[in-house]
Amino acid sequence: MRTITLLGATGSIGKSALDVIARHPQRYCVHALTANGSVDALAELAARHRAAVAVIGDASQEAALRAALQRHGATTVARAGAAALAEAASAPEADTVIAAIVGAAGLMPTLAAARSGKRLLLANKEAIVCAGGLLVAALRASGGELLPVDSEHSAIHQCLAGTGETQRTSARLVLTASGGPFLRRDDLDDVTPDEACAHPNWVMGRKISVDSATLMNKGLEVIEAAWLFDMPAERIEVVIHPQSVIHSMVEYADGSVMAQLGTPDMRTPLAYALAWPERIASGAQRLDFSRLAALTFEAPDMRRFPCLGFAYAALRAGGAASAVLNAANEFAVEAFLQRRLPFTQIAPTIERVLDAYQPPAPAGIEEVLEIDRQARQRAARAAAQHV
Ligand code: NDP
């Protein structure tokens with residue numbers, strides 16, 4: 001029986017994870033669930049999944065959470081605030097943590113989980129993008145184990161399984177990208193947040209949906225893959241595959257290419273990571289090969305989608321560049337979602353910050369957080385110049 005803490009339980013990944021967990025009551029139980037401000041949704045989930053602890057990130061909501069838990073008839077203990085999130089992530093009662101908070105806000109609890117030697121199921125890609133070195137070192141020191149939740153990295157994990165170290169070091173990773181909602185749309189001047197969030201194949205939270213529309217999501221995934229699989233940028237390729245059936249591939253020295261396929265449903269990689277090295281039912285629909293008309297591939301257009309190039313450049317630059325990229329992107333995406341920045345100004349805003357702010361490599365987590373703060377301030381100034 002595995003005991004689970006789920007960070008970001010009220011989100012898209014959180015709900016998919018709870019769906020898989022509920023299908024296997026003999027295998028999994030919930031210790032703690034967390035959210036940021038969705039008090040009632042969190043209380044309802046805590047009651048339904050009999051969580052021992054519920055944590056709300058917004059410290060001012062503790063009393064509201066306690067009241068909501070009571071309304072839902074839950075015996076769950078209510079906690080609140082940033083320290084309580086990190087405590088839940090490292091609590092000895094859980095052996096598995098699913099990191100599914102969106103953005104750099106998830107960094108501290110994710111790092112706390114990595115430091116506590118648990119199985120860490122990582123969806124929160126921004127955490128590894130801005131502090132990959134610290135996260136990997138923490139896992140190594142604690143004996144913790146990381147399993148990717150992102151469907152592309154799960155696919156690569158599956159394609160690499162059983163491969164010897166020598167073969168692995170000469171392999172090439174091929175990350176597939178749907179291309180997002182604007183793959184074939186030229187005029188992006190008047191794009192609305194709802195249009196940007198209408199992903200053709202996946203239903204996801206709003207931030208990652210916008211990242212998919214700019215291809216920044218793929219860029220963040222390139223950096224994530226470099227950390228997870230210890231690969232240089234030169235051996236990570238991105239290919240547009242609009243059907244989202246192949247979730248990623250690995251090419252070996254002999255020319256063989258291994259691919260992982262499935263319907264676009266995050267319950268598949270979540271079930272893989274929860275049960276690894278076993279396999280369990282996820283609830284995802286099976287692929288119907290008789291209805292797959294075609295699987296097509298094309299190179300990404302780096303001119304129309306410059307964010308992918310920014311991410312490659314940040315990976316190659318190393319040091320603090322990925323943390324700056326991530327913070328500037330988070331600021332610009334939030335500004336776009338709040339209709340304070342046009343879609344077409346997301347990339348220029350990020351570029352200005354990257355050009356002007358190149359701090360030295362962070363030595364510790366406090367420096368990462370400071371770089372994140374500074375980059376957001378600079379992004380605010382860069383965005384103001386555009387509007
Ligand atoms: P959602 O926006 O749907 O959910 C985000 C979750 O994080 C919610 O539970 C939210 O709580 C919580 N949260 C937000 N801000 C904070 C904060 N400051 N402190 C604590 N908790 C916070 O996001 P997704 O589920 O789409 O994505 C989660 C992560 O998984 C992202 O990093 C994303 O890149 C990654 N991912 C997502 C995929 C998907 O299919 N959705 C696929 C692959 C990766 P509240 O509801 O209270 O706001």
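Trainee: At roughly what angle do the axes of helix 10 and helix 11 cross?
Mentor: This is a predicted model. Helix 10 covers residues 206-214 and helix 11 covers residues 216-229. Their axes come within 5 Å and cross at roughly 95°.

Trainee: Is helix 10 roughly parallel or roughly perpendicular to helix 11?
Mentor: Angles of 65 to 115 degrees count as roughly perpendicular. The crossing here is roughly 95°. That makes helix 10, relative to helix 11, roughly perpendicular.

Trainee: Which residues of helix 11 meet helix 10?
Mentor: By class, this contact has 3 nonpolar, 3 polar and 2 charged residues. Helix 10 brings Lys207, Ile208, Asp211, Ser212 and Thr214. Their partners in helix 11 are Met216, Asn217 and Leu220.

Trainee: Which strands are the edges of the sheet of 7 strands?
Mentor: The sheet is open, with parallel pairing and the order 4-3-2-1-5-6-7. From one strand to the next, the twist averages 20°. An edge strand here pairs on one side only. Those are strand 4 (77-80) and strand 7 (145-148).

Trainee: What is the bridge partner of isoleucine 98 in strand 6?
Mentor: Strand 5 (residues 96-99) and strand 6 (residues 119-122) run parallel. They are joined by 4 bridges. Isoleucine 98 has as its bridge partner leucine 121.

Trainee: At about what angle does helix 5 run to strand 6?
Mentor: Helix 3 (residues 62-71) lies across strand 3 (53-56) and strand 4, at about 160° to strand 4. Helix 5 (residues 107-115) lies across strand 1 (2-7), strand 5 and strand 6. Its angle to strand 6 is about 150°.

Trainee: Why is one side of strand 9 and of strand 11 left without a neighbour in the sheet?
Mentor: The open sheet of 4 strands has mixed pairing and the order 9-8-10-11. Strand 9 (236-240) and strand 11 (257-261) stand at its edges. One side of each is left without a neighbour because each has a single partner strand.

Trainee: Which residue in strand 11 does glutamate 251 stand opposite?
Mentor: Strand 10 (residues 246-251) and strand 11 run antiparallel. The two are joined by 5 bridges. Opposite glutamate 251 stands valine 257.

Trainee: Which strands does helix 7 lie across?
Mentor: Helix 7 runs at about 40° to strand 10. The strands it lies across are strand 8 (172-177), strand 10 and strand 11.

Trainee: Which helix gives the most to the lining of the largest cavity?
Mentor: The largest cavity holds about 40 Å³ of space. Its lining is Ser151, Ser154, Gln158, His247, Gln260, Thr268 and Pro269. Two elements give two or more residues: helix 7 (151-160) and helix 12 (267-275). The most, 3 residues, come from helix 7.

Trainee: How many charged residues are in the lining of the largest cavity?
Mentor: By class, 1 residue is nonpolar and 6 are polar. The number of charged residues is none: there are no charged residues.

Trainee: Which element gives the most to the lining of the second largest pocket?
Mentor: This pocket has a volume of about 600 Å³. Its lining has 22 residues, with Leu146, Arg168, Trp227, Leu228 and Phe229 nearest the centre. Elements giving two or more are helix 6 (125-142), strand 7, helix 7, helix 8 (165-169) and helix 11. The most, 4 residues, come from strand 7.

Trainee: How many residues of that pocket lining are nonpolar?
Mentor: The lining of the second largest pocket has 5 polar and 5 charged residues. The nonpolar residues number 12.

Methods:
Residues are numbered from 1 along each chain as its sequence is written. This is a predicted model: local features need pLDDT of at least 70, side-chain atom pairs count only at pLDDT 80 or more; totals for chains, interfaces and linings use all residues. Side-chain values use heavy atoms; hydrogens and water are left out. Axes are lines fitted to C-alpha atoms, for helices over the stretch in contact, and angles run from 0 to 180 degrees between N-to-C directions. Angles under 35 degrees count as roughly parallel, over 145 as roughly antiparallel, 65 to 115 as roughly perpendicular and the rest as oblique. Contact means heavy atoms within 4.5 Å. Ala, Val, Leu, Ile, Met, Phe, Trp, Tyr, Cys and Pro count as nonpolar, Asp, Glu, Lys and Arg as charged, and the others, Gly among them, as polar. On a 1 Å grid over the protein atoms alone, a cavity is a set of points where a 1.4 Å probe fits but cannot get out, and a pocket is an open set with protein on both sides within 12 Å along at least five of seven lines; lining residues have an atom within 4 Å of a point. Grid points are joined across faces, edges and corners, and a volume is the space filled by probe spheres set on the points. Two strands pair if DSSP finds at least two bridges between them.
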